[in-house]
Amino acid sequence: MSVECCWDVAGMFGMMAMAVWFVLLVSFLCEFGDGAGLSDPMLLITNGELYTPLSRGRGSVLTGGGAIVAILGEGYPVENLTGLPVRVVDAGGGFVVPGLIDIHVHVTGGGGEMGPASRTPEGTVGEIVDAGITTVVGVLGTDCVSRSLENLRVKVAALQHQGITAHMWSGCYRVPSPTLTGSLIRDLQLIDEVVGAGEIAMSDHRSSWPTTQELLGLVTDARVGGMLSGKAGVVHFHTGSADSLLQPLWDVVNASKGTIPLKHMIPTHVSGRGPALLKAAEEWVSKGGRVDFTSDQEGETASHDALMDWGKRMGNAALQGVSLSSDAFGSLPVFDSKGELVEYNVASPKANLNTIRRLVLDGKWALEDALQLSTTNPASHLSFKSKVHFLQGNWRQVQMQTSLY
């Protein structure tokens, strides 16, 4: 992979010093590709404030052979690498942090609630990377007729070819849900990219209102498929604002006589549908479950406010049960009290970065605490072991930020 045209980073930083979280992703400096090979030059990123996402202070990151080789302390003598094919880039004192993991991205587009013309376009790798995201989990949604798992699988393969890490959920809102091979267990065991089932709708007027036995069977298949494939085996639940809230998940737990661990069910959209659902999500996490907050789009504050509250009242132990995803490229329909669609927008993948930024700048969170929501937490929840810390992962998982401002 050639990186010859990419090293005017200091100039870029100077021109964009006032940019909001300008992102330079190492694997996308010049070109898209399948990733670095053993014959590619080593890369040394110097003079950066390192986060893994824990703060490591000022230092350097050395990559080679498609992997992160070492984290070097400040002042490491670069001349020690003489004779090796090393390219050096100066981070200019900026932040060097893991690329974000987004577990809920409509990479093939979404929407359609206002008819065929309202289908949203698929996302591009450039849009994903510009948002600081280097790992995505693609998802369908309401429409699993004109949007298919086959299309999603091919899009995921395309994103992998273009240099980022991409996975997918098998299924859509409805139960029974479509699969690629005829069953969820087979999807998990035979298709590397499948991490579980999702997004399955519950407590929502667009849901198929599955019975407890149907959900129990689905979650059991996810658990067994995960065991056989060495994956987390999760069902990712779209949660609406109906009064049932998270009760369908508790019904599954009770029907299994407590034998199904809560970690196999991750409800999403829990932060922006009112205080009752947020309280239910708090109870779920307090009992050992995991939840996914949908990050704030421009003008929104629900996830920021909820995270600020949880951080003050419940501490970091509870926050470790929370991931942050963007719902990118999906529709953002707004329904009135009569169920009529009154507004329609498209979600931006930049919502994760913007929410993290606001937690740090306005909420005075430590950067490492905010980063965990889109790095170590989702990596842990979905058993992405190589993504837990960037020093253990692929060089695609590194990004640099010039400033929080």
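**Helix α8 and its cover**

I looked up the buried residues of α8 and found S303, H304, A306, L307, M308, W310, A318 and L319. Buried means under 20% relative accessible area, exposed over 50%, partly exposed in between (1.4 Å probe, protein chains only). This is a predicted model, so local features need pLDDT of at least 70, side-chain atom pairs count only at pLDDT 80 or more, and totals for chains, interfaces and linings use all residues. Residues are numbered from 1 along each chain as its sequence is written, and side-chain values use heavy atoms, without hydrogens and water.

Helices are DSSP runs of H or I with at least four residues, strands runs of E with at least two, numbered from the N terminus.

What covers the buried residues of α8? I noted α7 (275–286), β13 (291–294), β14 (322–325), α9 (351–361) and α11 (376–381) among the covering elements. Contact here means heavy atoms within 4.5 Å.

Next I checked the span. Helix α8 (residues 302–319) spans only 16 Å between its end C-alpha atoms, whereas a straight helix of 18 residues would span 26 Å at 1.5 Å a residue. The expected span is 1.5 Å times one less than the number of residues. I also found a bend of about 100° at R313 in α8. That bend is the angle between axes fitted to the seven residues ending there and the seven starting there.

I then turned to α9. Eight of its eleven residues are buried, including L353, I356 and L359.

Last, the whole chain. I logged eleven helices and 17 strands. Of the 405 residues, 54% count as buried.
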